[in-house]
Amino acid sequence: MLEIRNLHANVQGKEILKGLSLTIGSGEVHAIMGPNGSGKSTLAAVLSGRDGYEVTAGEILFNGEDITGLAPEERARKGMFLAFQYPVEIPGVSNLEFLKASLEQVRKAQGKDVWDAVTFMKKAREACTKVNLDQAFLKRGVNEGFSGGEKKRNEIMQMLLLEPALGILDETDSGLDIDALQVVAQGVNSLRDAGRSFVLVTHYQRLLDHIVPDHVHVLAGGRIVKSGGKELALELEEKGYGWLKDAAAAG
Amino acid sequence: MSEPSSHQAPRPADPAGTEEASHLDKVIASSYEAGFVTAIESETLPPGLSEDVIRHISAKKNEPAWLLDWRLAAFRRWQGMTEPTWAHVHYPAVDFNAVSYYSAPKSMKDHPKSLDEVDPELLRTYEKLGIPLAEQAALAGVAVDAVFDSVSVATTFRGKLAEAGVIFCPISEAVREYPELVQKYLGSVVPQGDNFYAALNSAVFSDGSFVYIPKNTRCPMELSTYFRINEAKTGQFERTLIIADEGSYVSYLEGCTAPMRDENQLHAAVVELVALPGAQIKYSTVQNWYPGDEHGRGGIYNFVTKRGVCHDNARISWTQVETGSAITWKYPSVVLKGDNSVGEFYSVALTRNLQQADTGTKMIHLGRNTRSTIVSKGISVGRSSNAYRGLVRISPRAENARNHTQCDSLLIGDACGAHTFPYIESRNPTATVEHEATTSRVSEDQLFLCRARGIDAEKAVSMIVNGFCKEVFKELPMEFAVEAGKLLEVSLEGSVG
Ligand SMILES: Nc1ncnc2c1ncn2[C@@H]1O[C@H](COP(=O)(O)OP(=O)(O)O)[C@@H](O)[C@H]1O
Ligand SMILES: [Mg+2]
């Protein structure tokens, strides 16, 4: 599904990712953990093609295709989805309008039929229910005046509708209460299948209690410094990252 | 609360954003679809302004002596006036002797009686602009007066309107056919000496529309005038007068376009609205004069005086979508003379490249229980400058007058400017005047969210801008709201890199 080879990326001329490699197979869930500032959000941004993040070496293959030079919208249309750590507000543009434009572009590009207004409304309402958001949120401006938790649930709602092949969740669990966390977990789990993969960026084991990952990686200093199974997350919870930083420095 | 404020677009805090902002700045020449020239033989006065020129215009239009005298009086006043410089716009001084004050297609000389007699090239021009003049092809429910340079070439559905007693014709014709109405109201709302451009217009005005709605009549169609400047080096000086008699209602729309040319062209219009007791006038504008190119070359100088007077229980609403012109200087205003009268101003002004707009309104509350609402949305792109200037004046007699002003600015890119100049003069303690202002910018984060959901940057900007303008668009008649949305989309083309 996704293959990252020796990825180096700069932000503002400063190298943040320093030779990161990672392979994610179809149907797999990978958790990426690591200290603050280690480059997790940078990785998410680079994977989504954000402007200002310059790939200086390495490549990103998505379903075998090198997507390193593609625009964010092109990646989205190929089935990549980024749930933002800090979803931004777009006042005046209703959630519905936004979803409609997004779904039209993505579904058209994927050769799926574009939903008519009735189907679209039905699906949108269902998605709201799944993430426990009142339907009134559909009419409100995108994230406009939403609480932190509502913004995150709104991201998951979009993901449910877009049904991406690869979902990248950047600290979607941060700042959520236990109910909201469950909503997020259920959202991901309901989409899990053999053809769909997830990258979960998180600091906390508690999300991984609900979404059990196949692999756990530790990102430090712009590289993956340790990989393991789901037990690694527990170990990190216990010992922190300190013991790995030395490994990173050494490597 | 009513402090003038100015915003140069703030630099984004996020350093990655700067990169995108420079993309946003790359405003490439976006398509101006109305920029073609009609190849037609015109009779154009040589450039220059003098009493002789005014006499010539008046003679061309077979005007009565009183109107010639009126024009000449205006000209004398104008000669003693100086161009205003208080607006937040910069341009080299206009050489008023380099402008031609009258140009008409030669074919209009024989005063065609019907569309069949109108030069097909003229009809094609309007067709190309999406305004078919043949009634069977026209937009249902909209009557059109088509003004080409200094003359009206056709006015549609006059028969149907006449059945309702509605008069809709070129003002030059109204001068001859309905002299008592014209004489009574011309200059009654915007006096000759009101300002520099109004004086100039009063001296040289060429064509525009005249509307009279009889008592207690609801005008059965939307009325609209489409202004087209075609001839080079020619100014257009339209004059429009709308009289809504007691208890009547009319919705009027105007549209305007001009060819792309490297030199600036002058458009100095005067529009006067008279809403007699209980009448209601809804006046909508979609202004798309040629805005100049990405280097600020060419474009229309749009210096316009629009004002309406409301008698008791009357209502005037101005709705404007301003996307064109190199310079816009325009303040559609309402004099709330009668008790319980209502004035409204809804505006979207978009500037890009090097366009400059200084626009807003004046709400003059004279009567008791008068109400006014102002909603202004300014969008600045590229290196443009967009200013809102609004006056709310409450006279001592205006018991319980109320005003609410909402003034929002949206910045796209980091080299544009948005400015607000609200003036509030309240001389009655029972009045309520509220002013709210916001400035926001289309951020790189917003664009990235849209793009990460598969929506390309151009569509994203247009969606964000449309969302920003929603409150104003909903005031436009439906077909025109759609048009306005499309126009914004075209105007924003290339506003992101
Ligand atoms: N837009 C940016 N401009 C400059 N530096 C940035 C930017 N984004 C991230 N960085 C820097 O990159 C490093 C990694 O940040 P980030 O990817 O946000 O870490 P994480 O998500 O793991 O906490 C930090 O040192 C941060 O300061
Ligand atoms: Mg982060």
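Author: Let us start with burial. Buried means under 20% relative accessible area, exposed over 50%, partly exposed in between (1.4 Å probe, protein chains only). Trp78(B) has 10% relative accessibility, so this residue counts as buried.

Reader: What should I know about the model and its numbering?

Author: This is a predicted model, in which local features need pLDDT of at least 70 and side-chain atom pairs count only at pLDDT 80 or more, while totals for chains, interfaces and linings use all residues. Residues are numbered from 1 along each chain as its sequence is written, chains are lettered from A and ligands numbered from 1 in the order in which they are written, and side-chain values use heavy atoms, with hydrogens and water left out.

Reader: Where is Trp78(B) found? Which residues is Trp78(B) in contact with, leaving aside neighbours within four places in sequence?

Author: Secondary structure comes first. Helices (H or I, at least four residues) and strands (E, at least two) are DSSP runs, numbered from the N terminus. Trp78(B) sits in helix 3 (residues 65-79) of chain B. Contact means heavy atoms within 4.5 Å. Setting aside neighbours within four places in sequence, Trp78(B) contacts Leu49(B), Phe96(B), Phe196(B), Ala199(B) and Leu200(B). Trp78(B) and Ala199(B) are 121 residues apart in sequence, yet their C-alpha atoms are 5.3 Å apart in space.

Reader: At what angle do helix 3 and helix 8 of chain B pack?

Author: Axes are lines fitted to C-alpha atoms, for helices over the stretch in contact, and angles run from 0 to 180 degrees between N-to-C directions. Helix 3 of chain B packs on helix 8 (residues 196-204) of chain B at about 145 degrees, with the axes 7 Å apart. Handedness is next. A crossing is left-handed if the near helix is turned anticlockwise from the far one by less than a right angle, and right-handed if clockwise. The crossing of helix 3 and helix 8 of chain B is left-handed.

Reader: Which residues meet there?

Author: Helix 3 of chain B brings Trp70(B), Arg71(B), Ala74(B), Phe75(B) and Trp78(B). They meet Phe196(B), Ala199(B), Leu200(B), Ser202(B), Ala203(B) and Val204(B) in helix 8 of chain B. For classes, Ala, Val, Leu, Ile, Met, Phe, Trp, Tyr, Cys and Pro count as nonpolar, Asp, Glu, Lys and Arg as charged, and the others, Gly among them, as polar. This contact of helix 3 with helix 8 of chain B has 9 nonpolar, 1 polar and 1 charged residues.

Reader: Now chain A. How is helix 6 of chain A oriented to helix 7 of chain A, roughly parallel or roughly antiparallel?

Author: Angles under 35 degrees count as roughly parallel, over 145 as roughly antiparallel, 65 to 115 as roughly perpendicular and the rest as oblique. Helix 6 of chain A and helix 7 (residues 178-191) of chain A pack at about 15 degrees, axes 10 Å apart. Helix 6 of chain A is therefore roughly parallel to helix 7 of chain A. Their crossing is left-handed. The contact has 8 nonpolar, 2 polar and 1 charged residues.

Reader: And what is the crossing of helix 4 and helix 6 of chain A, right-handed or left-handed?

Author: That crossing is right-handed. The axes of helix 4 (residues 117-130) and helix 6 (residues 148-162) of chain A come within 9 Å and cross at roughly 135 degrees. The two helices are therefore oblique to each other. Lys123(A), Ala124(A), Ala127(A), Cys128(A) and Lys130(A) in helix 4 of chain A meet Met157(A), Leu160(A) and Leu161(A) in helix 6 of chain A.

Reader: Is Arg153(A) buried or exposed?

Author: Arg153(A), in helix 6 of chain A, counts as buried, at 16% relative accessibility. Beyond four places in sequence, Arg153(A) touches Val131(A), Asn132(A), Leu133(A), Ala180(A) and Val183(A).

Reader: What about phi in Asn132(A)?

Author: Most residues other than glycine have a negative phi. Asn132(A) has a positive phi of about 60 degrees. Asn132(A) lies in the loop between helix 4 and helix 5 (136-139) of chain A and counts as exposed, at 54% relative accessibility.

Reader: Which residues coordinate the magnesium ion (ligand 2)?

Author: Donors are N, O and S atoms within 2.8 Å of the metal (3.2 Å for Na, K and Ca); water is not among the atoms, so sites may look incomplete. Ser41(A) (OG) and Gln85(A) (OE1) coordinate the magnesium ion (ligand 2), at 2.0 to 2.4 Å. Ser41(A) and Gln85(A) are 44 residues apart and link distant parts of the chain. Ser41(A) is partly exposed, at 30% relative accessibility, whereas Gln85(A) is buried, at 15%.
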